[in-house]
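Visitor: I would like to learn how to read a few local features in a model. Can we take them one at a time?

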Amino acid sequence: MKWLDYSTNHDQRIEVPNLSKLSLDVVDQKLEEMDLRREILDSANYNPDYPKYSVIEQVPKPGDFVKENRKIYLNLNPSGYNKIEIPSLLGRTQRQVEPTLRSLGFEIGDITHKPNIAKNAVLEMRHKGKSVKPGDKLMKTSVIDLVLGDGTRNYNSEN
């Protein structure tokens, strides 16, 4: 029984440290000092409240007790939001386009109008002054400006 106690490190307990918001360099140093190891499981969804590439989640949780050489499983914060494809929205009304873009994670920026028969129809989408086409990819939370028709042109007007 004494051999079993010794070989399984019976009654030896190391308290798991809180690794939240720490970089991998700091995590490695801290775990090495405590005779613990790490394994990265995945990158979580980007969280702007955490530094890039820092720990967002860990298992076992901070304060739990483990034996030496135990692996601590980590989820890291990626470098930024995922890129999302712009859907085909040209020609649709502002009322249809705004909720669609917001549901994808984009923000609506400036709304301008230009002469066109279709009142409030989306004629163009822009990001940082550049035209955005369906199929282009932008980071989630990007601001998209909309250019809408003003309804002033009709079939009888010139130009």
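Visitor: Which residue takes a positive phi in the hairpin of strand 8 and strand 9?

Guide: Lysine 128, with phi near 55°; the hairpin has 2 residues between the strands. Strands here are DSSP runs of E, at least two residues, and helices are runs of H or I, at least four, numbered from the N terminus. The model is predicted: local features need pLDDT of at least 70, side-chain atom pairs 80 or more, while totals for chains, interfaces and linings use all residues. Residues are numbered from 1 along each chain as its sequence is written, and side-chain values use heavy atoms, without hydrogens and water.

Visitor: Which strands does strand 8 join, and how do they run?

Guide: Two strands pair if DSSP finds at least two bridges between them. Strand 8 (residues 122-127) has 4 bridges to strand 11 (residues 143-149), antiparallel. Strand 9 (residues 130-132) is also antiparallel to strand 8, with 3 bridges. Arginine 126 has aspartate 145 as its bridge partner in strand 11, and stands opposite serine 131 in strand 9.

Visitor: How is a pair of aromatic rings described?

Guide: By the distance of the centres and the angle of the planes. Rings of Phe, Tyr and Trp (its six-membered ring) pair with centres within 6.5 Å; planes under 30 degrees apart are stacked, over 60 edge-to-face, the rest tilted. That rule gives 1 aromatic pair. Tyrosine 46 and tyrosine 81 are edge-to-face, 4.7 Å centre to centre, with 75° between the planes.

Visitor: Which parts does the pair tie together?

Guide: Tyrosine 46 lies in the loop between strands 2 and 3, and tyrosine 81 in the loop between strands 5 and 6, so the pair links parts 35 residues apart in sequence.
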